[in-house]
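Dear colleague,

Please find below the structure that I am handing over to you. I would be grateful if you would read it alongside the notes that come after it.

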Amino acid sequence: MVKRDGEVLLVIDVQNDFCPGGRLAVPGGHEVVPVINRLARDFRHVVLTQDWHPEGHSSFASSHPGKTPFSTVAMPYGPQTLWPDHCTWDSDGARFHAELDIPHAGLIIRKGFRPEIDSYSAFFENDHKTPTGLLGYLRERQLTRVTCVGLAFDYCVRYSAEDARSHGFDTIVVEEASRAIDLNGTADATRASFRDRGIKLT
Ligand code: VGL
Ligand code: ZN
């Protein structure tokens, strides 16, 4: 059933590096692809995001001598988890999964391209201030209900959904179309946060 005009599907970071074989593989990450392809057919409006980092990005453990992936460092904007190098712009790992098939997607938002700041949310970078432009796009297009899917459930999907909700969008996350990294309990913490904020989990 085709959704009404105010609805948008936000497809987060379905990129090779987040799928098995990639540099920051999310368990079962590739399994979301057919689910999202099917879901997308019901939406007139689809936005894709792409994690898009320069070489030597400050979120990479390799940029911090002596640090290992999945540890935390203090950044000017707050604590930052360090990751293996991933989604370096124009690399194969940064490309969308080859089977992602959403030709009618109207916008691709790239995020994390500033060397000194990471961006989980599709709306704001990790300082919670630097905008990606998505908020203005959705408002100008009069899209008021956001359905979030993709990778990873407990990072980029979580922060995108939370920002959508806190800016007044009716917000839904389809768990079957998402997979978690789950670093020490982050998947459960995400479900609890969604409950507290009125984000619907289906
Ligand atoms: C993501 C960690 C680092 C994500 C992106 O897409 O969830 N996670 N960069
Ligand atoms: Zn990243």
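This is a predicted model: local features need pLDDT of at least 70, side-chain atom pairs count only at pLDDT 80 or more; totals for chains, interfaces and linings use all residues.

Metal site

The zinc ion (ligand 2) is coordinated by D51 through OD, and by H53 and H86, each through NE2, at 2.0 to 2.2 Å. Along the chain, these donors follow the spacing D-x1-H-x32-H. H53 belongs to the loop between β2 (45-51) and β3 (72-75), and H86 to the loop between β4 (78-81) and β5 (107-111), so the two histidines tie together parts that lie 33 residues apart in sequence. Both H53 and H86 are buried.

What is the geometry of the site of the zinc ion (ligand 2)? The site is irregular, with angles of 89 to 169° among its 4 donor atoms.

Largest pocket

The largest pocket has a volume of about 360 Å³. It is lined by 22 residues, of which P79, Y120, N126, H128 and Y159 are the closest to its centre. The elements that contribute two or more residues to this lining are β4, α3 (153-166) and α4 (186-197). Among the contributors, α3 provides the largest share, with 7 residues. Sorted by class, the lining of the largest pocket comprises 9 polar, 7 nonpolar and 6 charged residues.

With kind regards

Key: Residues are numbered from 1 along each chain as its sequence is written. Chains are lettered from A and ligands numbered from 1 in the order in which they are written. Side-chain values use heavy atoms; hydrogens and water are left out. Donors are N, O and S atoms within 2.8 Å of the metal (3.2 Å for Na, K and Ca); water is not among the atoms, so sites may look incomplete. Four donors count as tetrahedral if all angles lie between 85 and 135 degrees; four count as square planar and six as octahedral if opposite donors are over 155 degrees apart and all others between 65 and 115; anything else is irregular. Helices (H or I, at least four residues) and strands (E, at least two) are DSSP runs, numbered from the N terminus. Buried means under 20% relative accessible area, exposed over 50%, partly exposed in between (1.4 Å probe, protein chains only). On a 1 Å grid over the protein atoms alone, a cavity is a set of points where a 1.4 Å probe fits but cannot get out, and a pocket is an open set with protein on both sides within 12 Å along at least five of seven lines; lining residues have an atom within 4 Å of a point. Grid points are joined across faces, edges and corners, and a volume is the space filled by probe spheres set on the points. Ala, Val, Leu, Ile, Met, Phe, Trp, Tyr, Cys and Pro count as nonpolar, Asp, Glu, Lys and Arg as charged, and the others, Gly among them, as polar.
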